[in-house]
Amino acid sequence: MKSLVELSSHKTTRHSDRGIPAKLLHSLVDKQMSGKLTIQNPFDELVVWQVYLGDGRIHFANSLNGSVERLNYLIGSSLNQRKITLPSKITSDYEYLCELWKKDFFTFQQTRSILTQSTQEALVQVLSLPKTSYTFTAEQELDKVFLNLDLTKIITPIKHKIRYWWELRSDINSPFQRPLVENWDNLHRTLAETHLYGQHWIKRFYSCLKDLNCLYEIASATEISTLQLALMLRPLIKSGEVKMLPYQEIKMDQRPLIVLIDQRATTQRMVSYILENGGFRTLILEDPFKALPILLNQAPIAILINAELPEMNGYQFCSFCRKSSQLKDTPIVLLGKRESLVEKIRSKLSGASGYLCEPFLPQELLQSLNRLLPQKAIAS
């Protein structure tokens, strides 16, 4: 492409200090500097922004971390239309977008538009930060440059967003933060009273909150901007209904889930230890009356139940589970203290898949599960 500028990479100088990002960037532009400005969010050390310059022009701006969440927010719908699935981790969103252009998923102009959108969104965050740590490296790092933007022109249409985010900093320090609900009842009541959100939207919103999604992920799922979302959350944060957690990459635990329903602390510790070492994750529930809706929501691959639960015994609860279409085929093992034919018949009549007499050895529990879950290799 004739309009594509090829740059050679060469290191020169590096400078680290503290300053106000807006003043720093304007100063670099005025001096027609080339290089990379790296800005750390002063409220969260894990959030870092980057601005690439060439002769005082803006080539690109992005975040150093959270590329997947941010890209999905910015262009998720375009990727879905083209049946493109984002990888679980992206080292460089710029290189990733260049690769999509090379593979003709996006035209040159579409790529420029995406990069411009990403740059403006990142500049909103950079220019709304107070005095913070920064590093300027005078080196050309982009192999290919699609953009050569005038700073004043590119920020003119986003000045109102910069002002809003400046005002939000005391409550929400970046779109990478994760809302934690402190009081679900109050939150539900508050949203119901506003009459601004439909049930379908609220359901998606609640699902994101339960998964501890960051603002980028929530905004993407609920199809609103991060600024709209931040403004909506602000009164909830001030009232104490929502707490904002700092950004960190959350690794989803993909191990199969087994639920233990037992009120005995010793058994809880022992079974958790056995299952965790066997390659499972464990959820412990004590109250069978509250357990069913949790089981329906968690979809475990197996359930372990104390046969001698108080109030509702394990046999009764097992029968109760078998009446649910979602749990009727889930392996259920009852844990009891008496090894007799009567107990085994009783467990079978309740719908249990197996009965294990206590005390048992770790390999006995794993082998029992192995018989019920033939496709799961369990270390014994």
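## A walk through the helix packing

Let's start where two helices touch: Arg-70, Tyr-73, Leu-74 and Ile-75 of α2 meet Ile-114, Gln-117, Ser-118, Glu-121 and Ala-122 of α4. Contact here means heavy atoms within 4.5 Å. Sorted by class, that contact of α2 with α4 has five nonpolar, two polar and two charged residues. For the classes, Ala, Val, Leu, Ile, Met, Phe, Trp, Tyr, Cys and Pro count as nonpolar, Asp, Glu, Lys and Arg as charged, and the others, Gly among them, as polar.

Before going on, a word about what you're looking at: this is a predicted model, where local features need pLDDT of at least 70 and side-chain atom pairs count only at pLDDT 80 or more, while totals for chains, interfaces and linings use all residues. Residues are numbered from 1 along each chain as its sequence is written, and side-chain values use heavy atoms, with hydrogens and water left out. The pLDDT is the predictor's confidence in each residue, from 0 to 100. The protein averages a pLDDT of 88, and 93% of the residues score at least 70. Residues 1-12 have a pLDDT below 50, and beyond near neighbours in sequence this stretch has 26 contacts in the model. Residues 376-380 also stay under 50 in pLDDT, and there the model has 13 contacts beyond four places in sequence.

Back to the helices. Helices (H or I, at least four residues) and strands (E, at least two) are DSSP runs, numbered from the N terminus. How do α2 and α4 (residues 108-127) pack? Their angle is about 125°, and their axes are 11 Å apart. Axes are lines fitted to C-alpha atoms, for helices over the stretch in contact, and angles run from 0 to 180 degrees between N-to-C directions. That angle makes α2 oblique to α4. Angles under 35 degrees count as roughly parallel, over 145 as roughly antiparallel, 65 to 115 as roughly perpendicular and the rest as oblique. The crossing of α2 past α4 is right-handed; a crossing is left-handed if the near helix is turned anticlockwise from the far one by less than a right angle, and right-handed if clockwise.

The whole structure holds 13 aromatic pairs, where rings of Phe, Tyr and Trp (its six-membered ring) pair if their centres lie within 6.5 Å, and planes under 30 degrees apart count as stacked, over 60 as edge-to-face and the rest as tilted. Tyr-73 and Tyr-216 have ring centres 5.3 Å apart and planes at 50°, so this pair is tilted. Since Tyr-73 lies in α2 (residues 67-81) and Tyr-216 in α9, the pair ties together parts that are 143 residues apart in sequence.

That brings us to α9 (residues 215-222), which packs with α8 (residues 199-210) at about 155°, their axes 9 Å apart. This makes α8 roughly antiparallel to α9. On the α8 side, the contact is made by Trp-201, Arg-204, Phe-205, Cys-208 and Leu-209, and on the α9 side by Glu-217, Ile-218, Ala-221 and Thr-222. Six of these residues are nonpolar, one is polar and two are charged.

Next come α12 (residues 288-298) and α13 (residues 314-322), whose axes come within 11 Å and cross at roughly 30°. So α12 is roughly parallel to α13. Here Pro-288, Ala-291, Leu-292 and Leu-295 of α12 meet Phe-317, Phe-320 and Cys-321 of α13; the contact has seven nonpolar residues, with no polar and no charged ones.

Finally, have a look at two loops. Gln-32, in the loop between α1 (21-30) and β3 (35-40), has a positive phi of about 55° although it is not a glycine. Pro-359 sits in the loop between β14 (354-357) and α15 (362-372), and the peptide bond from Glu-358 to Pro-359 is cis, with omega near -5°.
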